[in-house]
Amino acid sequence: STTKIMTALVVCEQCNVLDRMRIPKEAVGIEGSSMYLKEGEVLTIQELLYGLMLQSGNDAAVAIAEHIAGDVDTFCRMMTRRAEEMGCENTLFSTPHGLPAANHHTTASDLALITRTALQHPDFRRIVATKTASIPWAGHPYNRVLNNKNKLLSTYEGALGVKTGYTRAAGRCLVFAAERNGMTVVGCVLNDPDWFRDAAQIMDDAFARFSMVTMLEENESAGLVPVENGEKEHVSVYTKNALKAPVKAGTLPTVETVLPSVLPAPVEQGMQVGEAVLFDEGQALARVPLYAGESVAKISFRFHLRRILANWAAP
């Protein structure tokens, strides 16, 4: 069921989660874990995502796939293609829910890459960190109550949740994440009988060995660049986003600014002129663009005339 992380990511990238959809017959009666959908029932995509990620509803996965792509096979090709775009090299999705199927496979490393991207989406991040959700249940006088099976949400400081999974073929699988002091750790264990304890140990080790370091703040000045044929000799450059990355404890990260030796006028405020790169032990860990902090007009006849008159008028 860790496959459902990819399913949810595609949904968050493709849909407004508050949109409503009607459950197709293809999504009813899917084997395995279920949120017990009924044909014709109308739910929001967000409610289906709660059923997908908390209840691990295989029927929710099929309903989502049918809604977005028209059929499951097309949706699975979308999942695989998106995984390739993220750098996953050993992943192929044949189902949207993760039940055993031919050619359906992934790795712990690829699942961590997928989850790192998914956690950048606020809807995904909020849903997988939810312990309990209550959503409508057509034909019943009460709601569905969905409980998250991830014990780390209650036992591990800073836990963000994510997804449990189990089949006889795959064993107990867990993709997990936690955030402390501005740093997020993402990991995965596969076929692990002691999944929650091992996940906690992995995250403890990561938080002990690494810490988040900010080398340039948002909107911080990062130097000057000479301007050729400009009404000003230099233009300041600045960041819009902070330059930060997790680095190993005890190392000394450095910043390298990549800027042109000179900028030809005119220069427009806000135009990208270079980048700043954070290095640790010779490895580039993060980079942010650098932008011109002001506009510099090209020297004109009028500018020369104003300068001559100003010098002539000076005592």
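Modeller: α5, β7, α8 (195-209) and β8 (210-216) each give at least two residues to the lining of the largest pocket; helices (H or I, at least four residues) and strands (E, at least two) are DSSP runs, numbered from the N terminus. β7 provides the largest share of that lining, four residues. This is a predicted model, in which local features need pLDDT of at least 70 and side-chain atom pairs count only at pLDDT 80 or more, while totals for chains, interfaces and linings use all residues. Residues are numbered from 1 along each chain as its sequence is written, and side-chain values use heavy atoms, with hydrogens and water left out.

The largest pocket has a volume of about 680 Å³. A pocket here is an open set of points on a 1 Å grid over the protein atoms alone, where a 1.4 Å probe fits, with protein on both sides within 12 Å along at least five of seven lines; lining residues have an atom within 4 Å of a point. Grid points are joined across faces, edges and corners, and the volume is the space filled by probe spheres set on the points. Of the 17 lining residues, R116, T184, V185, V186 and P246 lie nearest the centre of the largest pocket. By class, its lining has 11 nonpolar, three polar and three charged residues. Ala, Val, Leu, Ile, Met, Phe, Trp, Tyr, Cys and Pro count as nonpolar, Asp, Glu, Lys and Arg as charged, and the others, Gly among them, as polar.

Helix α5 (residues 108-118), one of the elements that supply the lining, also has buried residues: D110, L111, A112, I114, T115, T117 and A118. Buried means under 20% relative accessible area, with exposed over 50% and partly exposed in between (1.4 Å probe, protein chains only). The cover over these residues of α5 includes α1 (4-14), α4 (72-85), α6 (122-128), β5 (159-167), β6 (171-180) and β7 (183-189), where contact means heavy atoms within 4.5 Å.

For comparison, the second largest pocket holds about 370 Å³ of space. It is lined by 19 residues, and G98, H104, T167, A170 and C173 are the closest to its centre. β5 gives the largest share of the lining of the second largest pocket, three residues. That lining divides into nine nonpolar, 10 polar and no charged residues.
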